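Here is a friendly walk through a structure, taken piece by piece. Please keep the sequence and the 3D view at hand as you read.

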Amino acid sequence: MKAINFLVVGVGGQGALLASNVLAEVGVRAGFDVKKAEVHGMSQRGGSVNSHVRWGEDVKSPTISQGEADVLFSLEKLESLRYVSMLRRGGVALVGEFKIPPLTVSSGADAYPTDNEIAHIFEQVTDDFHFIPTLTLAKEAGTSRAHNVVLLGALSSLVEDVPEEIWLEVIAERVPEKYVEVNQAAFQAGRLVS
Amino acid sequence: MQKLYSGNEAIARGAYESGVKLASAYPGTPSTEILETMVQYSEIISEWAPNEKVALDVAIGGAYAGVRSIAVMKHVGLNVAADAFFYVSMTGIEGGLVIVNADDPDMHSSQNEQDNRRYAKFARVPCLEPSDSQEAKDMVGAAFEISERFDTPVLLRITTRIAHSHTLIELGERPAEADDDTPLTYRIDRTKYVMVPGNARKRHPIIEERIKELSQFAEDFAYNLVEMGSAELGIVTNGITYQYAQEVFPRASFLRLGMTYPLPPALIRDFAAKVDRLVVIEELDPFLEEEIRLMGIPVEGKSIFPIVGELDAGVVRDCATQAGLHPPSPTASPPPIPPLPMRPPLLCPGCPHRGVFHITNKLKVVVNGDIGCYTLGFLPPLSALHTCGCMGASIGVAHGANKAGAKQKNVAVIGDSTFFHTGMPALLNTAYNKSDTVTIILDNRTTAMTGHQENPATGFTLSGKPTFEVDFEALSRALGIEHVSTVDAYDLEEVETALRAALDVDGPAVVIAKRACALLPVARKDWMPIEINPEQCNGCGLCFKIGCPAIVRSEEKDAKTDRFLAEIDPLLCTGCEICAQVCPRDAIYFRDEMEIK
């Protein structure tokens, strides 16, 4: 099995940490050495957040260096651009179609990048760039809050070594019991997308 | 089976497996989760103290009484606890004492960068540094053994990337003898534990001798690892940097120091003799580099790697390439990105601090701020905070500025937990030395910034047990403040009236702005989004000036003014009504108007 570096990014409160916790635990159960790094504190609700997850045979650094993320897993469109320099040439970028305008955008001082602008920048790094309709699919599955699990589903189909059951099992353990079914449906919806 | 543990969780587990009985801490990023995890082990008495000095004194008391005790704090917390750190080095202990200290290179959540290995040398206390969660857990046990064998406190130093990185660990068990219920007899030894000059003079040579013995011990310490690879390059490193260096130099020779003070001179000399080029890779200060150079061994370090900020494998590789230690890697430069809108941490929707800052802006006072969520009030559009240094600084700074004769009025703004931490003596000072300082205590019923910890005003302890609740009014009066008022932080008129009155008082005054943090469960129950009436709104933009993330620009424009109207995001709005009070055109519905509507 090949070593993989995942960079999970989003906006505080969006569920980026749940996604990276699932990703790390799935790696452990698939038999990898796993390290995960993030920074807590400083009122991160509403701020930009990131979490590094590394799977490998013998992982040393818990953080991923510039240009070495194999997968950029972004729950929010603008945030994906903030971390584009972290993505390896030819790496995979999965970007949820979730738009949270920062304060300076909602007050009119700054402009939010268009989908075309975002895609154009990513095209210079990789052909493997995908917007995933996370919110739409999550709502169809039963709750918009499961948008992070939709993106995990999309990611799971790219990690062929890891059986689907492991993902479903870890997700079931990490979400509140009454939301297990909805989240598993969201996962399946994402899995079919890519 | 191996489990993923953060360094912080692993340290708590290590304390459990080492038979620790008593733990005390003040929350502070990146160390907070250590006690939050520790409290889940019912065998350990775990407490939040009002500040780090008290936490360390408490742990010292436990160690004097003969049980294994631990104090936990972030790097700047040890500045607060330094006095205790020095005396306990002099006295030694009965039961083991470990001080866990989390440095924050790159200041992810801190006001300054400092390398607390300096404190270890300063106070003659041995310093251990783990490189992952497994070592973080195991080194707690090693630290207690050293503490008891050498009659010394031990500093277990971690950094943010150890504290908040998850790596795999094997769990162990707690020794059964740790929970033996036989009552302790407090051993009295006045010569050892009463640090008056006569006794202290006898102790000082003992601790100098202790460090020499520890230096000898370090020669064979299991966590000082020598891994010989190619003789071309010998790397001396520690902590998280070991991981970065191994990733960049898989074939080099390594001396990884698990004990970074005192150092093992023979081991270092021997390693240096076996390699062609000796390089230290360490974050922050050239601590190891200086010590090695003092041994007369030629070594490089900060001439290659930065003294500022965090390292990572990429930084280590780039610096090493420039110094000719590493071949250039084929890197493609990242694509050009237009300047992106920033997304800094913000005061949340419904934050009770927002209205207070709106009023301090309106009254044009100088605001001396403090450490907590409210520090974020310095950001535009509020831009309401004019100084912020360290925990508890606000009140003393405001007093000093007032005494210096500053023309504008100075107002100190401090949170409930920070007030207990180091604000109380400063408030006493404003009463004692009589300044016209106004102190606003932002009582949001929790220690919010670090993630909602209990404190002496919340009525509960770390373990969730009910306790007394501090009465801020009575406390302020007891400290000598005659003019004290309490207001609802959501009621702007009330806040303004109280602040104006406080500013008019001759002498010091206190305003307690009370309202639970909007993210506390008790406050969430009352969330109710309000709306803007587009017929009334003319896009004046005043509501944007309070910096609430829930207020967004509408797509619609006002026909007359041609300005974009405001809109409220119902998913973010809590219904605090601060915007409704600020709106000059009554275009924002209050909660009761929403019901009628």
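Are α3(B) and α5(B) roughly parallel or roughly antiparallel to each other? Before the reply, a word on the model: it is predicted, so to speak, from end to end, with local features needing pLDDT of at least 70, side-chain atom pairs counting only at pLDDT 80 or more, and totals for chains, interfaces and linings using all residues. Residues are numbered from 1 along each chain as its sequence is written, while chains are lettered from A and ligands numbered from 1 in the order in which they are written.

**A pair of helices in chain B**

Helices (H or I, at least four residues) and strands (E, at least two) are DSSP runs, numbered from the N terminus. Helix α3 (residues 52-65) of chain B packs on helix α5 (residues 82-91) of chain B at an angle of about 25°, and their axes are 8 Å apart. The axes are lines fitted to C-alpha atoms, for helices over the stretch in contact, with angles running from 0 to 180 degrees between N-to-C directions. Angles under 35 degrees count as roughly parallel, over 145 as roughly antiparallel, 65 to 115 as roughly perpendicular and the rest as oblique. α3(B) and α5(B) are therefore roughly parallel to each other.

From α3(B), the residues Lys53(B), Leu56(B), Asp57(B) and Ile60(B) meet Asp83(B), Ala84(B), Phe85(B) and Val88(B) of α5(B); two residues are in contact if their C-beta atoms, placed from the backbone, lie within 7 Å. By class, this contact has five nonpolar, no polar and three charged residues. Here Ala, Val, Leu, Ile, Met, Phe, Trp, Tyr, Cys and Pro count as nonpolar, Asp, Glu, Lys and Arg as charged, and the others, Gly among them, as polar.

**The open sheet**

Chain B also has an open sheet of seven strands with mixed pairing, in the order β3-β2-β4-β5-β7-β6-β12. Its edges are β3 (45-48) and β12 (259-261) of chain B, each of which pairs on one side only. Strands count as paired if DSSP finds at least two bridges between them. Inside the sheet, β2 (residues 22-25) and β4 (residues 69-74) of chain B run parallel and are joined by four bridges.

**Where the chains meet**

In total, 46 residues of chain A are in contact with 42 residues of chain B. On the chain A side, the elements that give two or more residues are α1 (16-29), β2 (33-38), α2 (77-82) and α3 (103-106) of chain A. The largest share, six residues, comes from β2(A). This side of chain A holds 18 nonpolar, 18 polar and ten charged residues. β2(A) also pairs with strand β8 (residues 165-169) of chain B, antiparallel and over two bridges. Across that pairing, Ala37(A) stands opposite Ser165(B).

**An enclosed helix**

Why is α15 (residues 353-362) of chain B largely enclosed by the rest of the structure? Eight of its ten residues are buried, meaning that 20 or more other C-beta atoms lie within 10 Å of their own; 12 or fewer makes a residue exposed, and in between it is partly exposed, with C-beta atoms placed from the backbone. The buried residues of α15(B) include Val356(B), Phe357(B) and Ile359(B). Among the elements that the buried residues pack against are β14 (366-368), β15 (410-415) and α19 (492-504) of chain B. Just after α15(B), Lys364(B) takes a positive phi of about 55°.

**Backbone details**

Most residues other than glycine have a negative phi, and most peptide bonds are trans.

| Site | Feature | Value |
|---|---|---|
| Thr29(B) to Pro30(B) | cis peptide bond | omega near 10° |
| Pro380(B) to Pro381(B) | cis peptide bond | omega about 5° |
| Lys434(B) | positive phi | about 50° |
| Asp586(B) | positive phi | about 50° |

Pro30(B) sits in the loop between β2 and α2 (33-38) of chain B, and Pro381(B) in the loop between β14 and α16 (393-404) of chain B. Lys434(B) is partly exposed, with 15 C-beta neighbours inside 10 Å, whereas Asp586(B) is exposed, with 12 other C-beta atoms within 10 Å.
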